[in-house]
Each structure stands twice: as C-alpha cells, then as structure tokens.
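Please brief me on this protein model. Keep it short and group the points by topic.

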Amino acid sequence: MAARCVKGSSRVPDLPQSDTRRQSQCESGKFLSHFSVKKGAAALGIGTDSVILIRCDERGKMIPSDLERRIVEAKQKGFVPFLVSATAGTTVYGAFDPLIAIADICKKYKIWMHVDGAWGGGLLMSRKHKWKLNGVERANSVTWNPHKMMGVPLQCSALLVREEGLMQSCNQMHASYLFQQDKHYDLSYDTGDKALQCGRHVDVFKLWLMWRAKGTTGFEAQIDKCLELAEYLYNKIKNREGYEMVFDGKPQHTNVCFWYIPPSLRGMEEGEERTSRLMKVAPVIKARMMEYGTTMVSYQPLGDKVNFFRMVISNPAATHQDIDFLIDEIERLGQDL
C-alpha cells in the first residue's frame with residue numbers, strides 16, 4: 001500500500017457503489033492501495049471518491065513528489081487534505097514507503113501522518129532491519145499487528161497515537177452507568193470509552209505474555225531468522241532456470257514474489273499466448289499443493305502482472321531444507337504444464 005491522501009470538502013460526496021477490489025494496480029508509475037482505506041472512507045461517510053491514490057515506483061514504494069503534487073492539486077480545487085496513509089511493509093511486495101520524506105511533506109502542509117505498520121512494524125524489534133522504518137517516530141498514528149510478523153495468536157492489533165488522551169477525547173460518551181468516576185482504583189484502567197467498541201478481549205495480554213517469555217532479543221532473533229530465510233529463497237531462485245522475479249533486487253521484507261516458468265513456456269516469445277498460459281500456472285500448482293497436502297503458497301495478479309507466487313515467511317521454525325523442498329515441489333508439480 002503506497003500512501004493515500006484523503007481529502008475533505010465542504011460537501012459530502014455521493015457514496016459510490018461498493019468497491020470489492022482488494023488491491024489497486026501497482027507497477028512503475030501506477031498505484032497500490034489496501035482496500036481498508038477505501039472501506040474506512042465509506043464507513044466515515046466521506047465517500048471513496050475522497051481517497052486519492054498516490055503513485056508508487058516499481059518496487060511498490062510511494063513517490064513523495066507525486067504525493068506533494070496531489071496535495072497541491074487538491075488544495076487548489078478547494079479540498080482540504082487531512083490525512084496521508086503511508087505503509088511499512090505492503091501486503092504483496094513487502095515494500096516500505098520513504099517515511100522521512102513523507103513526514104517532511106505532512107509537516108509542510110500540516111497533514112496528519114498515519115503509518116500502516118501492520119505487517120512491517122515488527123521489524124522495529126530487529127537492530128539489523130529497523131532502519132526500514134526510519135521516520136515512523138514522526139507519525140501521528142501507527143497501526144501495528146503483532147499477530148502477523150511476530151507470531152502472536154490472532155487477534156492482536158494496536159493503534160498507537162502520538163497525542164496523549166486523544167483516543168479518549170474523540171470517543172468518550174461519558175457513559176456514567178458503565179464508567180463511574182468515583183471508583184476506588186485508577187480510572188485510566190477503564191479503556192472502554194477510548195475506542196469505538198465497548199466490551200472487548202484483552203488482546204494485548206497475549207503480546208505481553210509472549211514478550212515476557214521471549215524477551216526483545218527473542219523477538220529479534222525470530223524476525224531476523226525470517227528475513228534470512230526470505231533472502232535465502234531469493235538467492236536460490238533469482239538465477240535458477242524456470243524462475244523469474246517479479247521485480248529486480250532483494251526484497252525488503254519476507255515477501256518473495258516470483259513466477260515459475262514451466263519447460264513448455266521457457267522458449268516461447270513474449271506475447272498474449274504466453275501471458276495467457278503463464279496466468280494459469282500458479283493457480284494449478286497451488287491446487288496440486290493442496291491436493292497432495294505438501295505445502296501451500298499464495299499467488300495473485302497485480303496490475304498488468306499475471307498470477308505470480310508470493311512466498312511470505314513468518315515462521316522462524318522453518319529451515320533452509322524447507323525452502324529447498326518448496327523450490328523442488330513447485331518444479332515437480334509444474335513441470336508438465
């Protein structure tokens with residue numbers, strides 16, 4: 001997900017038809033957007049037309065110059081840009097937006113900066129990889145899902161805000177029949193009036209308990225291992241016959257995106273027929289994986305890129321032997337396609 005600039009205006013836009021697309025297209029000069037941003041705009045009542053997509057580069061990272069250009073354009077049209085949503089670890093490519101440059105632009109135009117670190121936020125635990133989130137400390141709010149990269153049981157999500165007391169002032173309804181002000185203990189423990197929900201599970205307990213057991217160094221070792229395994233996979237297939245990488249260069253996160261090219265397609269010239277046949281390869285191989293019960297790897301198209309495998313490693317118990325098996329298994333199941 002590259003950045004989105006959400007604009008406001010003096011009128012409420014017409015609510016568009018439901019948008020069921022999970023991803024907007026992303027390639028050089030185009031866009032990538034997590035569906036939750038548009039869903040949030042619809043839920044707020046400002047309409048999905050108030051979400052402005054910002055261009056990203058070929059690696060899926062937002063282009064700051066395009067962000068500033070779109071902000072200026074929106075202001076010239078009389079709109080009020082009020083939020084930029086940047087991403088640390090995109091869903092498909094695992095890309096990290098240039099947060100420092102985005103923070104500079106948000107400060108210049110006095111716009112709230114949000115960072116979606118749901119997938120990549122866990123890298124802050126790693127001294128080796130935390131540099132990828134440089135600038136996140138300047139954000140006004142950050143989303144973080146320990147149930148993803150850090151392996152905390154579902155569900156464990158956090159929304160961190162810079163301004164103390166902001167969640168309370170935005171959401172509290174002063175429900176005195178629930179949140180009495182004359183209790184004998186610290187009233188800050190009554191968190192129900194700080195969020196849209198009232199009753200809820202104590203999701204943070206799972207993180208606290210795991211943190212107590214593993215420690216920060218334990219989480220660091222876990223995350224570093226996953227990144228190392230992703231790099232191992234990348235190095236094994238980047239020049240291997242029958243494999244093509246979706247983009248050049250080492251992945252920033254554990255997302256390794258690639259095509260498997262069956263022998264029947266390796267000598268075929270680029271064109272509509274090859275593209276049509278390649279699009280069917282990953283779905284068939286995944287179906288066979290599930291039938292045999294050996295492994296399972298996700299796939300998806302993106303923009304003008306037909307179905308490719310997206311191997312995401314988040315299990316530190318995996319080994320190099322597991323990666324080797326995966327590569328061999330893809331070849332075994334796809335060699336006759």
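Helices (H or I, at least four residues) and strands (E, at least two) are DSSP runs, numbered from the N terminus. Gln155 lies in the loop between strand S5 (141–144) and strand S6 (158–161). The peptide bond leading from Leu154 into Gln155 is cis, with omega near -10°.

This is a predicted model, in which local features need pLDDT of at least 70, side-chain atom pairs count only at pLDDT 80 or more, and totals for chains, interfaces and linings use all residues. Residues are numbered from 1 along each chain as its sequence is written, and side-chain values use heavy atoms, with hydrogens and water left out.

**Backbone and burial**

- Lys110 has phi near 55°, a positive value in a residue other than glycine.
- Lys110 sits in the loop between H3 and strand S4 (112–117).
- Buried means under 20% relative accessible area, exposed over 50%, and partly exposed in between (1.4 Å probe, protein chains only).
- Lys110 counts as exposed because its relative accessible area is 76%.

**Aromatic pairs**

- A pair of aromatic rings is described by the distance of the centres and the angle of the planes.
- Rings of Phe, Tyr and Trp (its six-membered ring) pair if their centres lie within 6.5 Å; planes under 30 degrees apart count as stacked, over 60 as edge-to-face and the rest as tilted.
- The structure holds eight aromatic pairs.
- One of them joins Tyr93 and Phe308; this pair is tilted, at 6.5 Å centre to centre and 40° between the planes.
- The pair links distant parts of the chain, 215 residues apart: Tyr93 is in the loop between strand S3 (80–87) and helix H3 (99–109), and Phe308 is in strand S10 (residues 305–312).
- Tyr93 is buried at 2% relative accessibility, and Phe308 is buried at 0%.
- Tyr243 and Phe258 form a tilted pair, with 5.7 Å centre to centre and 55° between the planes.
- Tyr243 lies in strand S7 (residues 243–245) and Phe258 in strand S8 (residues 255–260), so this pair ties together parts that are 15 residues apart in sequence.
- Tyr243 and Phe258 are both buried.
- Tyr93, Phe247, Trp259 and Phe308 make up one aromatic cluster.

- Gln300 is placed in strand S9 (residues 298–302).
- Gln300 counts as buried because its relative accessibility is 13%.
- A polar contact is a pair of N or O atoms within 3.5 Å; within protein, one must be able to donate a hydrogen and the other to accept it, and residues adjacent in sequence count only if both atoms are side-chain atoms.
- The side chains of Gln300 and Arg310 are joined by a polar contact of 3.1 Å.
- Contact means heavy atoms within 4.5 Å.
- Not counting residues up to four places away in sequence, Gln300 touches Val92, Val306, Asn307, Phe308 and Arg310.
- His253 lies in the loop between S7 and S8.
- His253 is buried, with a relative accessible area of 1%.
- The His253 side chain reaches the backbone oxygen of Trp119 at 3.3 Å.
- Leaving aside neighbours within four places in sequence, the contacts of His253 include Gly89, Phe96, Trp119, Met149 and Leu227.

**Salt bridges**

- A salt bridge is a side-chain nitrogen of Lys or Arg within 4 Å of a carboxyl oxygen of Asp or Glu.
- A search of the whole structure finds 16 salt bridges.
- Glu270 and Arg274 meet through their side chains in one at 3.5 Å, N to O.
- Glu270 is exposed, at 63% relative accessible area, whereas Arg274 is buried at 7%.
- Salt bridges that share partners join Asp66, Arg69, Arg70 and Glu73 into one network.
- Within this group, the side chains of Glu73 and Arg69 meet at 2.8 Å, N to O.
- Glu73 and Arg69 both lie in helix H2 (residues 64–76), four residues apart, about one turn of the helix.
- Glu73 is partly exposed at 27%, and Arg69 is partly exposed at 36%.
- Lys206 and Asp203 form a salt bridge of 3.8 Å, N to O.
- Lys206 is partly exposed at 24%, whereas Asp203 is buried at 17%.
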